[in-house]
Amino acid sequence: MSQQADNQDRPWLDPDAEPFIKVQGVTKKFGPFTAVDNVDLQIYRGELFCLLGGSGCGKTTLLRMLAGFETPTSGTIYIDGAEMSQVPPYERPVNMMFQSYALFPHMTVEQNVAYGLKRDGVAKADIAMRVSEMLKMVELTPFSKRKPHQLSGGQRQRVALARALVKQPKVLLLDEPLGALDKRLREQTQFELMNIQDQLGITFVVVTHDQEEAMTLSTRIAVMDEGRFVQIGTPTEIYESPDTRFVADFIGSANMFEGRIVENGADHVVVRVSDPRIEFFIDHGMSIKEGTKVWIAVRPEKIKISKNAPTESGANQIQGTVLGVGYLGNLSTYRVQAGSAKVVDVTHPNQSRPKGDRHAVDWDDQVYLSWDPSSAVVLTK
Amino acid sequence: MNDNATAAVDRSERSSMRSLTAVLMQRIQSGWKTLVVGIPNVWLLVFFLAPFFIVLKISLAESIIASPPFSPLVEWSEEGALILQVIFDNFIFLWEDDLYFNTYVNSIKIAIISTVLCLIVGYPIAYGIVRSSSTTKNILLLMIILPFWTSFLLRVYAWMGLLADQGTINSFLIWIGLIEKPIRMLYTEFAVYVGIVYSYVPFMILPLYANMEKLDMSLHEAAADLGARPMTTFLTVTLPMTAPGILAGSLLVFIPAAGEFVIPDLLGGGNVLMIGRVLYNEFNSNHDWPVAAAVAIVLLLILVIPMMLYQHIQSKQAES
């Protein structure tokens, strides 16, 4: 029962669920350059799915293939059960919010939003009603008679959103939806987007290069690199259990240590790292042979920093010297020299106010770094 | 005490000196500004407005046999009084003689049809150039401009050779057996249209190109995404957004086409009445400068109307 309820929120875990968007072996080549390289993807109804990656990783090309602006060199795309290769953009049940917004500069806000409905031959009275409802939802009613160039960036972005949503598409494609907004507006809009998605139940596919945006928005993230998916999973999975060094490094930051497996038990693994000299004790078994070269990733916020030696000695701790302190208000970041060449980044929440100018840990302090056996992630790639 | 006073005077003098130089500097600067803005104004005054008034003055005179062949506008009488002689006869003559009225109508008709033809030919060419890759784009633009490197007159003569009864086109058509007798093309209205469209189509293409170059292609994608078929996208997005280019190009073709002399003279022969030819005849054959000047003034007024309309639309667009 509870398992069933769980899977309603996470259809990707249900083996019987029918994906809403199905991408099968899709490749896109531009001349000799392969933008998207034989990818498979299933996106389920009502998901807020993020394609995340650096520039040139193929995420936008994949989105444009879903919209119909690019034709796959090979492979097939299904949307709601229908094969899309012969369907032109103007007949697809998807709408797109463009990175540049692509608002029609010669039309007012109202006319921009009504454009898609007019093309569908919706009755005039219905158009007026739906447009005004939509403008109300994005809080642009007072600006309905303005032209796009008379609006601020945030307002334009909301017009673009309203224009794409008013047709009630089955899928909404968003290309860097928050890219052009300042930080404050971004955060606000992020939550607005999530609310709208919740209200309307439309499947969202978002392209972004901003990992923070992807983390807060999405139900699932696909991390892309060089035209392939590196990892697909929930924000928690991607952050806490990255599959590769690329993902660990791309999402958040991670301290990376290179070492070898020296002990492989049923319920634990020990990895020895040479610089700095540490033994990592990991509290779960792994199917890796002893002696294999591995990388250990530890997130900066998972490391405890203290001037007092931990009570237990042994694994999962090192000593070092503080090279630098970055005081960010809510937290501080420390750069700790812990080996001959290794600098470890640590972030620590400032839970108590410093007395005067003295911080608990300061420049040149000798400190002990330690972490839980469950905090480190072993990576083989 | 005294010292202090002297110091105060000194200080005030120095500060007034400083303010004086500041004012002087400002004067010089604003002088430069006036000069920079003034030069084009003087240019327009000397080379456009002054000739216009001279022509206007001639149009209000009477044709006499003298040199120059028109009566003076202002004259000292023998009693020493100043006589201003304004004669509107020339304009009344233009209005009363059907020849001139018909010629104006015909000129404007030919100019309008030529403009539309230039638009039909030029629009797809401009669009094609904008959409092609940057190397092809440069080659295509060069090809549009290339004919200007040959004299305009020479190009019109070339068309005479192409269109004549024994010309290249007719010879070719007879040779391949499509026709037996040559088709009459030279000295018809058709030849005039060919000549005007050929000569003026670059003036349509270039402003259209400049306008389309700024077109954001993602707007086409947005329209398609919202359900517009290619034709609808063209009518609702491309066409309204290129309207300024269409307007600019049309004016650049319409205005010179309406007053064209060489093309109707060489390609139309005596069969095509255009105002440019009439003007030429009045000046050179009839030697009636005042009537010729009146013809020119009326033509100018006819052409100023679309110009002002254009200005009006432009300023309205700038406002919104």
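Buried means under 20% relative accessible area, exposed over 50%, and partly exposed in between (1.4 Å probe, protein chains only). The model is predicted, with local features needing pLDDT of at least 70 and side-chain atom pairs counting only at pLDDT 80 or more, while totals for chains, interfaces and linings use all residues. Residues are numbered from 1 along each chain as its sequence is written, chains are lettered from A and ligands numbered from 1 in the order in which they are written, and side-chain values use heavy atoms, without hydrogens and water.

**View 1. Partly exposed B:Phe53.** The relative accessibility of B:Phe53 is 47%, so this residue counts as partly exposed. B:Phe53 belongs to helix 1 (residues 2–59) of chain B; helices (H or I, at least four residues) and strands (E, at least two) are DSSP runs, numbered from the N terminus.

**View 2. Salt bridge between A:Lys59 and A:Glu176.** A salt bridge is a side-chain nitrogen of Lys or Arg within 4 Å of a carboxyl oxygen of Asp or Glu. Here the N to O distance is 4.0 Å. A:Lys59, in helix 2 (residues 59–67) of chain A, and A:Glu176, in the loop between strand 7 (171–175) and helix 6 (183–200) of chain A, are 117 residues apart. Both residues are buried.

**View 3. Salt bridge between A:Glu240 and A:Lys302.** The side chains meet at 3.1 Å, N to O. A:Glu240 is partly exposed because its relative accessibility is 34%, and A:Lys302 is partly exposed at 24%.

**View 4. Salt bridge between A:Arg64 and A:Glu70.** The closest N and O atoms are 3.2 Å apart. A:Arg64 counts as buried at 17% relative accessibility, and A:Glu70 is buried with a relative accessible area of 17%.
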